[in-house]
Amino acid sequence: MASESSVCVDPSCEVTTSVAPPPDPYLRAPLAHVPFASDHTMTRVRLHDKEFELFIPEADVNAAIDKLAGTLRAKYDGKRPLFLGILNGAFYFAAELMKRLDIECEITFVKVASYKGTKSTGNVSELIGLNERLEGRHIVVLEDIVDTGHTVRHIMDRLAEHHPASVSIAAMLFKPDAYQQDIPIEYVAVRIPNAFVVGSGLDHDGLGRNLPGIYRIVEPTAAASEAADTRHFPTSRDGTHA
Ligand code: IMP
């Protein structure tokens, strides 16, 4: 059979035109270099000096985001909402949510910087990177986790200055027992107890954001008794952190 590169000089010869297969480097690449592709069952990890155990598997986090996307779709279809992801932690939640939201919408990201002002101004906060016009828009703030709610308070105060049509909070995780504000957290994927967690965008001192699923800190006494099972988590893919 003629190959793609062969030349047929005999007129009776049938030339088979085989099309070169499209390049598929991701399909064919060995999975071994992908840190978690073959290790989704990792149940304990160490990040710096702390140990964490698997608390919510990735499939359950994604199922909860699925459900939340359905609620947001019903609420915001036709309103062209602007989703405002709070960096760094919300990158994972924002991406997973956007994949599931088949409505007309926009997304942008900001960082919250807070610092001590003068005596009269108290704690001051700024939304860094906000370039969009918010007046009259329906805003949905995307938070990785709402804990005490201080961050949410700062964000709401800053956004109110721009006169949006509405502002709601959507959180991947919410710790109701730690929450100290009266602002309603309208959309929550998963409610969790008051414990420190990492994974799916959340970090412990820069590490753990890329862990699939949610891992909960292991208290030192429990850690000591199960130290034999502990796996060490690689520091980072390229040695840098967000
Ligand atoms: P809040 O202002 O106390 O609600 O805290 C909000 C921010 O603190 C989140 O956006 C996270 O960056 C961080 N945070 C709160 N709880 C946790 C946690 O359990 N793990 C990792 N980061 C957390």
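A polar contact is a pair of N or O atoms within 3.5 Å; within protein, one atom must be able to donate a hydrogen and the other to accept it, and residues adjacent in sequence count only if both atoms are side-chain atoms.

The model is predicted: local features need pLDDT of at least 70, side-chain atom pairs count only at pLDDT 80 or more, and totals for chains, interfaces and linings use all residues. Residues are numbered from 1 along each chain as its sequence is written, and side-chain values use heavy atoms, with hydrogens and water left out.

**Ligand site**

| Residue | Protein atom | Distance |
|---|---|---|
| Lys175 | polar side-chain atom | 2.8 Å |
| Glu143 | side-chain N or O | 3.3 Å |

On its own, the ligand has 490 Å² of accessible area (Shrake-Rupley method, 1.4 Å probe), and the protein covers 78% of that.

Around the ligand stand 15 residues (a heavy atom within 4 Å). Asp147, Thr148, Thr151, Lys175 and Val197 come nearest. By class, the shell has 6 nonpolar, 4 polar and 5 charged residues. Here Asp, Glu, Lys and Arg count as charged; Ala, Val, Leu, Ile, Met, Phe, Trp, Tyr, Cys and Pro count as nonpolar; the others, Gly among them, count as polar.

Strand 6 (138–146) and helix 4 (150–160) each give two or more residues to this shell. Strand 6 gives the largest share, 4 residues. Helices (H or I, at least four residues) and strands (E, at least two) are DSSP runs, numbered from the N terminus.

**Salt bridges**

The whole structure holds 17 salt bridges (a side-chain nitrogen of Lys or Arg within 4 Å of a carboxyl oxygen of Asp or Glu). One of them joins Asp102 to Arg73, with the closest N and O atoms 2.7 Å apart. This pair links distant parts of the chain, 29 residues apart. Arg73 is in helix 2 (residues 58–76), and Asp102 is in the loop between helix 3 (91–100) and strand 4 (106–116). Side chains of opposite charge can pair when their charged atoms come close.

**Backbone features**

Two loops deserve a look. The peptide bond from Leu87 to Asn88 is cis, with omega near 5°. Asn88 belongs to the loop between strand 3 (82–87) and helix 3. Ser200 is not a glycine, yet its phi is positive, at about 55°. Ser200 sits in the loop between strand 9 (197–198) and strand 10 (214–217).
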